[in-house]
Amino acid sequence: MLVVVVIVLIAAVFAGAAAIWWRSHAKFVESREEHWFKTFAAERGGTFNSGVPSDTKATPSFGVSHPSGRPLAGGNTTWVEFRHGDRPVIAIDAQEPYRHFDDHTHFRDIHVTQVRVPPSPELRITAGQVSMPTDPRLEADLARWLADTPRFAQRDVVVEHGSARAWGQGCATRQNVVAEAGYLADLAESLPAALWNVSGGAS
């Protein structure tokens, strides 16, 4: 009899856990499907992907999902592609894992905004300094350019693989997506043409 009671209790615990997971997953799917990116894409004539596994039709034309350069793909990534002026832009809402002091893996929200640019060597602006890890030939010229245009030393940016991207903690908002798209578009227009010419691109 005791064994039966224990089995029933274990089954009840598993059933409760499954119900909680299902409810949480359903809310997640619903929130992704109703993400404000959907309305934003409609307003801008853009493309929206909810990050829901069943939504497989939309594909981005360029870009990555994370400042580290991870490809734009996967289950929990929500993105919208649109135009800002004459440049394509992708805004992304995603999550990244991190280890907490309790040694468990947790997830935090992160957003990335990127604009399409011509091909170029990798360029990084970090803490007000410019570097070109894969092609340092232009570093001195770019350092002078950055000193002359200190506005673009205000935030970390990576230019590579045909995109210029900036990022931040937390979910994307309309305000920061539009502001970051404008900032990156201005950056791309301001960068010395020699950067694009290294890879045969045109500014």
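Tutor: Let's take the labels one by one and set each value against its definition. This is a predicted model, in which local features need pLDDT of at least 70, side-chain atom pairs count only at pLDDT 80 or more, and totals for chains, interfaces and linings use all residues. Residues are numbered from 1 along each chain as its sequence is written, and side-chain values use heavy atoms, with hydrogens and water left out.

Student: How many helices and strands does the protein chain have, and how do you know what counts as one?

Tutor: There are five helices and eight strands. Both are DSSP runs, numbered from the N terminus: helices are H or I with at least four residues, and strands are E with at least two. Read from the N terminus on, the order is α-α-β-β-β-β-β-β-α-β-β-α-α.

Student: What makes F40 buried or exposed?

Tutor: The relative accessible area decides: buried is under 20%, exposed is over 50%, and partly exposed is in between (1.4 Å probe, protein chains only). F40 has 2% relative accessibility, so F40 counts as buried. W36, with 22%, is therefore partly exposed. Of the 203 residues of the protein chain, 39% count as buried.

Student: Why are the buried residues of helix 2 said to line one face?

Tutor: In helix 2 (residues 36–44), the buried residues are F37, F40 and A41. Viewed down the axis, these buried residues fall within an arc of 100°, so they line one face of the helix. The arc is taken from the directions that run from the helix axis to the C-beta atoms. As background, an α-helix has 3.6 residues a turn, so residues three or four places apart point the same way. A42 and E43, on the other side of helix 2, are exposed.

Student: What do the buried residues of helix 2 pack against?

Tutor: Their partners are strand 1 (47–49), strand 2 (78–84), strand 3 (87–99) and helix 4 (174–190). A contact here means heavy atoms within 4.5 Å.

Student: Why is the pair of W36 and F40 called edge-to-face?

Tutor: A search of the whole structure finds five aromatic pairs. The ring centres of W36 and F40 are 5.5 Å apart and their planes stand at 85°, so the pair is edge-to-face. Rings of Phe, Tyr and Trp (its six-membered ring) pair if their centres lie within 6.5 Å; planes under 30 degrees apart count as stacked, over 60 as edge-to-face and the rest as tilted. W36 and F40 both lie in helix 2, four residues apart, about one turn of the helix. By contrast, W145 and F152 form a stacked pair, with 5.9 Å from centre to centre and 10° between the planes. W145 is buried at 9%, and F152 is buried at 5%. Ring pairs also link W36, F37, F40 and F82 into a cluster.

Student: How do you know that E43 and R174 form a salt bridge?

Tutor: The closest N and O atoms of E43 and R174 are 2.9 Å apart. A salt bridge needs a side-chain nitrogen of Lys or Arg within 4 Å of a carboxyl oxygen of Asp or Glu, so this pair qualifies. E43 lies in helix 2 and R174 in helix 4, so the pair ties together parts that are 131 residues apart in sequence. The whole structure has nine salt bridges, including one between R165 and E160 at 2.7 Å, N to O. R165 is buried, with a relative accessible area of 0%, and E160 is buried, with 9%.

Student: What makes the link between R87 and E189 a polar contact?

Tutor: Their side chains come to 2.8 Å. A polar contact is a pair of N or O atoms within 3.5 Å; within protein, one must be able to donate a hydrogen and the other to accept it, and residues adjacent in sequence count only if both atoms are side-chain atoms. R87 lies in strand 3 and counts as buried, at 12% relative accessibility.

Student: Why does the phi of A127 stand out?

Tutor: Most residues other than glycine have a negative phi. The phi of A127 is near 50°, a positive value in a residue other than glycine. A127 is found in the loop between strand 5 (123–126) and strand 6 (129–131), and at 70% relative accessibility A127 counts as exposed.
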